[in-house]
Amino acid sequence: MFDAIAPRYDLLNHLLSAGIDRRWRAAAIRSLKLTGRETLLDVCCGTADVALESRSDKGRPSELGSRRGRPSGRPGAARVVGIDFSGAMLALGLQKVRAAGQSGHIALVRGDAMRLPAADRSVDAVTIAFGIRNVQRPDVACAEVARVLRPGGRLAILEFGVPPIPGIKPLYLWYFTHVLPRVGRAISGHGAAYSYLPASVGTFAPPSEFIETLRCAGFVDVRADPLTFGIVYLYTARRPG
């Protein structure tokens, strides 16, 4: 399915989110508090948007930042490894990495989130953007992330949620279940994929439950911060030092 929608994946992400998806990714990277020396693992990397974002914090205002949205100026990761199951997504990501001149700093690898091709305690930070709900066993993937993180390493996960605000929730659900699948089908030519999206969000664990999944995997300082009225949640956690 993801191979089939890969050619229009980036376009639809930006279009269907009205461009806010860039801010969500920037917020995730900022939460890692990178110093410029880290090796970062981007799981379910898709077309490498997060991998590229993590290489250089461009100072975009963060929804978790100051009230005035001043740039943080934090550096990016020294090295990034992106892992995904979809070969077509990785092929497009590789083109973007080369076009950005980042081939020496970003490597893309085909692999399974439930069996990460990385050694124990080998990376300093991990990101998963809108991919954890697509993993057959999210709890197994979280345990794998804990395995590969060094003590003190940080995790940032972006995932869709259902806004709890009464006035926003029905509008969001109407858009998500009626408008989004039709636009996605028209542009991608793949109807099932954009019907799968709202269905997968509806069956994914609520924030309180996913927080517990992360704690059971061994993480501490686990948080779930709502972004854009709770359309998306940013889950942050740390492996104990």
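A nonpolar surface patch is a group of residues that each have over 30% relative accessible area and no salt bridge, and whose nonpolar side chains, such as those of Leu and Ile, are joined within 5 Å. In this structure, which is a predicted model, one such patch of about 240 Å² is made by Leu11, Leu15 and Ile187. Isoleucine 187 belongs to helix α6, which covers residues 169–188, and this residue counts as partly exposed because its relative accessible area is 30%, a value that lies between the limits of 20% for buried and 50% for exposed.

A contrasting case is serine 17, which sits in the loop between α1 (2–16) and α2 (21–31). Serine 17 has a relative accessible area of 13% and is therefore buried, since buried means under 20%. Leaving aside residues up to four places away in sequence, serine 17 touches Leu12 and Trp24.

From here the reader can turn to the sheet, an open one in which 7 strands follow the order β3-β2-β1-β4-β5-β7-β6 with mixed pairing. Its edges are formed by β3 (106–110) and β6 (220–227), each of which pairs on one side only, and from one strand to the next the twist averages 15 degrees.

Within this sheet, strand β5 (residues 149–160) and strand β7 (residues 232–238) run antiparallel and are joined by 7 bridges; leucine 158, for instance, has leucine 234 in β7 as its bridge partner. Elsewhere, helix α4 (residues 87–99) lies across β2 (79–84) and β3, and the helix runs at about 170 degrees to β3.

Definitions and conventions:
Residues numbered from 1 in each chain as written. Predicted model: local features only at pLDDT ≥ 70, side-chain atom pairs only at ≥ 80, totals over all residues. Heavy atoms only, no water. Helix = DSSP H or I, 4+ residues; strand = E, 2+ residues; numbered from the N terminus. Buried < 20%, exposed > 50% of the residue type's maximum accessible area, 1.4 Å probe, protein only. Contact = heavy atoms within 4.5 Å. Pairing = 2+ DSSP bridges. Axes fitted to C-alpha atoms, helices over the stretch in contact; angles between N-to-C directions. Patch = residues over 30% accessible without salt bridge, like charges linked within 9 Å, V, L, I, M, F, W, Y side chains within 5 Å. Areas by Shrake-Rupley, 256 points an atom, 1.4 Å probe, with all protein chains shown as cover. Salt bridge = Lys/Arg side-chain N within 4 Å of Asp/Glu carboxyl O.
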